[in-house]
There are 2 protein chains.
Amino acid sequence: MKLIYQGKTKDIYALEDGNYLLRFKDDVTGENGVFDPGANTVGLTIEGAGKAGLRLTKFFFEILKEKGIPTHYVDANVEEATMTVKTATVFGKGMEVICRYRAVGSFLRRYGMYVEEGQSLDRFVEVTLKDDERQDPPITEDGLDMLGILSKEEYKTLKALTQRIGDIVKEELAKKSIELYDIKFEFGRLKENNEIVLIDEISGGNMRAYKDGQYIEPLKLEKLVMEGE
Amino acid sequence: MKLIYQGKTKDIYALEDGNYLLRFKDDVTGENGVFDPGANTVGLTIEGAGKAGLRLTKFFFEILKEKGIPTHYVDANVEEATMTVKTATVFGKGMEVICRYRAVGSFLRRYGMYVEEGQSLDRFVEVTLKDDERQDPPITEDGLDMLGILSKEEYKTLKALTQRIGDIVKEELAKKSIELYDIKFEFGRLKENNEIVLIDEISGGNMRAYKDGQYIEPLKLEKLVMEGE
């Protein structure tokens, strides 16, 4: 088992069978000691954050598997905070895909001239490039195509997958009276067949969720969703 | 003649026949006393800047008219720094459409991880919303549609017009050995029939042009293009 990448919140190891092993760390992103899933810097360490994130990720990835949605997921060991995944390559140098159900966060900061805070958005999909130095710039379908990151055809697949997965997560949360406002995903191409699949994780740190109009912190969200599962 | 809007670089008057009169001012946008067409604040006043901008605008709008490209242009009086135009409404609260031939400016600042400075771009079109407070945020085709600013069908028209007009300006500049790197346009819907037309101006302040690898200041560009016309 060989360490091939040390990320902000996970380390990635290459396994001998060709798969990857992700180890979820207790480091969370944030600024000034406050947990902020949208931040680009590791802000603090919360004991148990890695396992909690993995528990939720396992929960959602297994639902997606049942529904036949392509992901990189193979299996997970929550006690060891590890997840085995198929090898995939990211688009360009990494890209995030956001699905929005209500106007908050960077969407509201950009388009506040046209929308009210919390206004309903119809599964709005947008893409940002992972680039800490340039504050993860948003990019259009045409831009992705021109820069050789994603073809127009692939964009269609990606957008449809994003909305389908977003809707599944939204439904699961709704069962616990939690409302999903937005969620971000990462996708990649499977090494074995180039298929576009969901990669990385689906945890509290990837979404904004509200209960009775109140924002739920990632770790609390994980507890609420996993209660009784 | 009634003043209906005072802009950063022009004033707009309503004429009795239903058209508008634009008066080009000598105020130019910039920061700290330096002329910067991309800036959102009026930085300084340059005597003759209004007329120079109008002269170039008249030149290009008349070429577009000959080629049958829809614009709001009726006629212009350079001595009085005025242009008569058909009444049009802007999209949303104002929107800019950029056509890029080489990677410079905000494109390079956003996508510098993927492109070299000055790299060729194939008539890349992008849209930003006019919103000084939010630094003119970029927006996607889906975003424009969702916010009710522009339908998908209208976006297609807008993109095609942008590339066609950009190419015409590029060709005209090439005749004077000047290379167009990027250009920004404004479009609107004609009040009389809702047709999508080019509005505002086409002057040095709307484009980045280079000669022998050197950036040409807006006022110098206007002189170079109008020489011998």
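A polar contact is a pair of N or O atoms within 3.5 Å; within protein, one atom must be able to donate a hydrogen and the other to accept it, and residues adjacent in sequence count only if both atoms are side-chain atoms. The model is predicted: local features need pLDDT of at least 70 and side-chain atom pairs count only at pLDDT 80 or more, while totals for chains, interfaces and linings use all residues. Residues are numbered from 1 along each chain as its sequence is written, chains are lettered from A in the order in which they are written, and side-chain values use heavy atoms, with hydrogens and water left out.

**Exercise 1.** Determine how chain B and chain A are related by superposition.

Solution.
1. Copies are superposed by least squares on the C-alpha atoms of residues with pLDDT of at least 70 in both.
2. Chain B is brought onto chain A by a rotation of 180° with 0.0 Å of shift along the axis, at an RMSD of 0.0 Å.
3. The two copies are therefore related as by a two-fold rotation axis.
4. The C-alpha of chain B nearest the axis belongs to Thr140(B), at 2.8 Å.

**Exercise 2.** Characterise the area buried between chain B and chain A.

Solution.
1. Contact (heavy atoms within 4.5 Å) joins 32 residues of chain B to 32 residues of chain A.
2. Buried area is the accessible area (1.4 Å probe) that two parts lose on being put together, summed over both.
3. Between chain B and chain A this is about 2600 Å², with 65% from carbon and sulfur atoms.
4. In chain B, Met113(B), Tyr114(B) and Met146(B) lose the most area to chain A, together 26% of what that side buries.

**Exercise 3.** Count the polar contacts and salt bridges between chain B and chain A.

Solution.
1. Polar contact links 8 residue pairs, both residues at pLDDT 80 or more.
2. There are 2 salt bridges between the chains, each a side-chain nitrogen of Lys or Arg within 4 Å of a carboxyl oxygen of Asp or Glu.
3. Asp142(A) and Lys159(B) form a salt bridge at 2.8 Å, N to O.

**Exercise 4.** Describe the interface of domain 1 and domain 2 within chain A.

Solution.
1. An automatic or database domain assignment supplies the bounds: domain 1 spans 2-87 and domain 2 spans 89-221 of chain A.
2. The contact takes 28 residues from domain 1 of chain A and 29 residues from domain 2 of chain A.
3. These domains bury about 2400 Å² between them, 66% of it on carbon and sulfur atoms.
4. The rule finds 4 salt bridges across this interface.
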